[in-house]
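Dear colleague,

Here is the structure that I promised to hand over to you. Please open it beside the notes that follow, which take up the terms as they are needed.

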Amino acid sequence: MKYSGLINRCVRLRILIFAGLALAAASLPGCGKNSKGLTVAGSTSVQPVMELIADSFRKHRPDQIIDVEGGGSSAGIMAALTGTAQLGMSSRRLKEDEPNEKTLTAITIAFDAIAVIVHPDNPVVKLDLEQLRGLFSGQYRSWKDVGGSDRPVHLIVREEGSGTRSAFEEMVMKPSGDGGREEAVDAYALVQDSTGGVREVLRGDPDAIGFISLGAVTAQVKMLVIDGVKADFETVRNKKYRLTRPFLLVSKGEPTGIAREFVDYILGSDGAKIMHDEGLVSAGR
Amino acid sequence: MPVDEFSAKTVGALSAREERIRRLLLVMALSSVSILALIILFVFREGLPMIWKTGVSAFLLGTRWAPTKGAFGIFPMIIGTLEVTLGALLIGVPLSLLVAVHLSEFAKPLTRAVMKPMIELLAAIPSVVFGFIGVTVIVPFVREWFGGTGFSVLSASIILGVMILPTIISITFEALRAVPASYREGALALGATPWQTAIRVTLPAARSGIVTAVILGMGRAMGETMAVIMVAGNAVVIPTSPLHPCRTLTSNVALEMAYASGDHQKALFATGVVLFVMIFLLNLLAGLLVKRR
Amino acid sequence: MIDSATRPDSVQRVSATATVSTTAAEASSAARYNARYNRLGMSIARLTSFFVTAILVSIVGYLAVRGLPRFSPGFFIDSPINLGREGGIFPILVSTALLALVSLVIAVPLGIATAVYLTEYTREGHLTLVIRFGAECLAGIPSIIFGLFGFMLFVVSLGMGWSIMSGGLTLACMVLPTIFRTSEEAIKAVPDGLRRLGYSLGATKSQVITRIILPQAKNGILTGIILALGRVIGETACVIFTTGISMEMPKSLFDSARSMSVHFYLLAREGTSIEMAYTTAFALVLLILLVNSGANLLMQSAGRR
Amino acid sequence: MTDNAPMMPILRVEGVSFVYDSPIGGKSVQALNDISLVVETGTILTVIGPSRSGKSTFLRLLNRLQEVSGGGHLTGTILLEGRDIYDDSYDAYQLRREVAFTFDKPQALDLSIRENILFGPRLAGITRRDELDGLVEETLQAAFLWDEVKDRLDLNANRLSGGQKQRLSIARSLALRPKLLLLDEPCSALDPVSTAAIEQALIKIKHRTTVILVTNNTKQAARIGDRTAFFLMSDLVEIGPTRVIFTNPNDQRTDDYIAGRFG
């Protein structure tokens, strides 16, 4: 009976799977990932460059398995806390309300400049911090107010909590000097959840303005000069370009073994070179 | 002596096997039901305390959403979700009904055999692809023809409207096919034209199936995440015109979950709770409408 | 000529107080109006069907136009190079298949077993109503919530880390309600007469289920499984949180991996390479086309023995 | 009303009453009260009576099929060759092979004609090819269906006409080699030609398989019933040789029913 045989096997199959499922769930709490190789997880801004460094590190140490995961800074920090990953990537300083951030050690591996970008056809070339704050707080509604043509301003920002956005808010939306209250980003600003998303919107909308990692700037968008300083490797290294934020690696206690070796590799000349190509300034020598 | 479906005992080896199979099915049923319960509990355990902490009305009716600065108001997103879902239905339902009626009542068997699988394929295209086509095609189109940034309730409605077409079409099609031929013959016998028959007789007869189809389509539209994020603009404002950007409850969760921690993450779960309740009410509505037949 | 007995609606609307009998002229103008109205209606419906099908063809066509330049058989065999800007997607293809396999191997038996138990072994009661209702609500929950559930449970607390197993288990939880509900509808559709016929031939309850009910409900159950497979293959948010994004070839179910939809999402959204994104999307749609038509053939052949 | 017949009875029913489980809160329904009768081996007992007289419920109790369609409470005993079929030690599934049942609506499994017939025997564990093929031919011959289908045995059974399907279900039941065959109004949906064929089949098989036929067609009972039982509103009014029941019954109500004065 061909079809009934199939179905009977299905009953036996179920017993097999159920046993497998129970076995898998029971036997696993212990071993987890760290028993074989190194897992680095976290911020999607840090992940691309970390992937490239891991690629070259794998050539250097083929016997080691390096697994680079995304999921965002919070997921990375939690993974480091729970040991799911030895190294967590974050593109923002640890926040006070993060649980026991005392037990996490943070290692700055690079500085990433935040470039303010507009559509290539936009006549505006430079802005100072005050104008930038005016634009993003919704005070200036038209490009005319900052020396551009009489076109409405379309703001593009990253989502709440993202490293790029919190760094931008700290350095731009807070009036420097008199320590005034941080102005809120205009509610009508469009929100995109990734560097590519911001750039994709800007590529298509001549009236848009946004901010992304320096490394992510491509020919399709134009980078503005901020406070008279053009963002590049030099101005970031000598801190003249002030819109920068650190890329951090966090781990529970000092990284050891393969994790230590990988961190040294990142801070070393090989890591620095790869970071330089990606528009980052290494925090190493 | 009770004579009942469950009292029919077999004897010897056969009964042992029957009992083993029954117990295995029971264990599997319990495990899958417990998984369902586990997920619901997980969402409520994470999300509910946050709603009490910010106060139900403050959370549901608050208009300022700045989680990193302690402001948790999701009213704009509730409105966003409702507007986008309504927009999707306004586009999706009429088209679906027309297509379903055509396929089930007027189409020649050949066209039906070709079109139906192609429409079902529409259901299999991942939402990310829809989202991406939305950004590259629909958004510029809306920007040129209607103005604004293009990222708007309208773009989201168009994309979702297309995405829910296959769901509503196939379920409505099945409902229409289930209407006995005698209904149609009765109407035709009274001199009704094929179009009148379809609209005045067959459609009303399949009403409960159509309601289920629309409700399932609505559920799909409300639950959609990726495609909406890419085209809706995600600004936390109450959209007063279809050209304004908006953020739906699901996009809010997906957008910020990666970087949320502490209260922010719990607030996103609270958004999940609100979504669960809205879908719960939706299904309740569907249940009532269908039974009322 | 329509005789006066069948008063077309249009005439009623024209004069509500008109007597029952209509003049010949009045009736014939109504007939012409109806005929035109009918042709108009049917052509609108036909036009819409072609329009909707055209939408599909244009989507697949758009993907093909943008995706074909970089599309070569090698695309399916080689591994990605330089973050996926070049090379093929073989490891990603394998990961997607493994992910779908793990999730369906867990969700299908569980879903069908639950459907069978609730329809055959329990009487319709409050408990079955609550379970069915819970499943329907869960089917509407956005996948990101499942993503985080999977991350917290499988990745972190069960220590499986980012792996195909965590992703598979999470996706299984996500599609379980769909498979359960579609299987239940299919089993309920089997007429009771067939069950009694089975019992009258000496079959035990489990034999009635495996030899009469399941074969009869096979098409409905298969549709549920295809829907679930479509959703698993198309999932991104939830997979990123549980299976990760590593492009390496997974050596075991506990290695992290990247599915095709996630690959498309990252290439397109991060702007790593738009062309490769389209190529991946085109390959994905081809894969789904294959799966769907394969399943349809299976259902057709199973339908008419 | 008990009945004492000389031959060794295959079935003895003593004081059987049956009450349907009432739906939550509803009134419980007395389907049968205090039925006692005996069925001789190798005969056809026809059971007549108006609808809702409990005759179908009675039939379903004889091979415990009533459990499948609805719960209830049974008192009294039913002995098949001396053994109480509701005793815990009795295997209900084995009972249904010894006491076969065909339904009023012609029904077929979504399988070929051959597989329909072999469904029961395969469950019973018969695997030898020749034995199975023998069963197919023998039962189809007995049901007068062999000539019509002998060269299309692999056709899907649902393609058959109503009359053919009903004869197929008789063949399917006979394939279990039952001691007793129960038929619940088998010809209610059939044309006279198919009805005649089925009646012929029952007469031919009765010496090997005792038959209990529930029918609302009194003429059919008169034609083929060796003995006839008359049920009215859950009581067994009268049972006896068909000739006696149809010419001068003891009870006036039987006469009224047969004459068609009330239905």
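A salt bridge, as the term is used here, is a side-chain nitrogen of Lys or Arg within 4 Å of a carboxyl oxygen of Asp or Glu. This is a predicted model, in which local features need pLDDT of at least 70 and side-chain atom pairs count only at pLDDT 80 or more, while totals for chains, interfaces and linings use all residues. Residues are numbered from 1 along each chain as its sequence is written, chains are lettered from A and ligands numbered from 1 in the order in which they are written, and side-chain values use heavy atoms, with hydrogens and water left out.

I begin with chain A and its domains, whose bounds come from an automatic or database domain assignment. The assignment gives domain 1 (36-111 + 246-282) and domain 2 (113-244) in chain A, and the C-alpha centres of these two domains lie 27 Å apart. Between domain 1 and domain 2 of chain A the count of salt bridges is zero, although 11 residues of domain 1 are in contact (heavy atoms within 4.5 Å) with 13 residues of domain 2. The two domains of chain A bury about 950 Å² between them, 55% of it on carbon and sulfur atoms, where buried area is the accessible area (1.4 Å probe) that two parts lose on being put together, summed over both.

Where pLDDT is low, the predicted coordinates should not be read in detail.

The other interface to look at is that of chains C and D. Here 16 residues of chain C are in contact with 19 residues of chain D, and the count of salt bridges between chain C and chain D is zero. The area buried between chain C and chain D is about 1900 Å², of which carbon and sulfur atoms give 66%.
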